[in-house]
Amino acid sequence: PAGGVVGCGATACSDLGEDTQLIGFDMGGTSTDVCRCDGRSIDHVLEAQIAGVTLQAPQVNVATVAAGGGSILFWSNGMFEVGPESAGAYPGPACYGRGGPLAVTDANVILGRVDPTRFPKVFGKTGTEPL
């Protein structure tokens, strides 16, 4: 996650200027990490709680706040539950067209939060189909 924070700050400064303030959002396969950047300055903390254990060590301030795009959705008791199982890169979520399970990415496509037209045609069994 720390590399994502550094890359987020550097890219924003290059594109928008050195005084850019932003919130970084990095959705991976099974988690979503959020950070804050003030230009190229990276927010650090000296203490964090991880799984109920206090860790005292300098670290980049990154908060894992949610499941990732590959987290599998299960229908249970009239509602969807998320993860912790992952669809993985292959077959991936159902929308990849390779026989994968329903995942968070599929929900985001259905809800219009992910625009399939903005992705290259690298999906499906042949790797030539749209999302």
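**Notes on the predicted model**

1. The side chains of Glu18 and Arg40 join in a salt bridge, with 3.1 Å from N to O, the term being taken as a side-chain nitrogen of Lys or Arg within 4 Å of a carboxyl oxygen of Asp or Glu. The pair ties together distant parts of the chain, 22 residues apart, with Glu18 in the loop between helix 1 and strand 1 and Arg40 in the loop between strand 2 and strand 3. By this rule the count is one salt bridge.

2. This is a predicted model, in which local features need pLDDT of at least 70 and side-chain atom pairs count only at pLDDT 80 or more, while totals for chains, interfaces and linings use all residues. Residues are numbered from 1 along each chain as its sequence is written, and side-chain values use heavy atoms, with hydrogens and water left out.

3. Helix 1 covers residues 2-16, where helices (H or I, at least four residues) and strands (E, at least two) are DSSP runs numbered from the N terminus. Val5, Gly9, Ala12 and Cys13 of helix 1 are buried, that is, under 20% relative accessible area, with exposed meaning over 50% and partly exposed in between (1.4 Å probe, protein chains only). Seen down the axis of helix 1, the buried residues fall within an arc of 100° and therefore line one face, the arc being that of the directions from the helix axis to the C-beta atoms.

4. The face of helix 1 turned away from the buried side carries the exposed residues Gly3, Ser14 and Asp15. After helix 1 comes Gly17, whose phi is positive, near 110°.

How values were computed: The expected span of a helix is 1.5 Å times one less than its number of residues.
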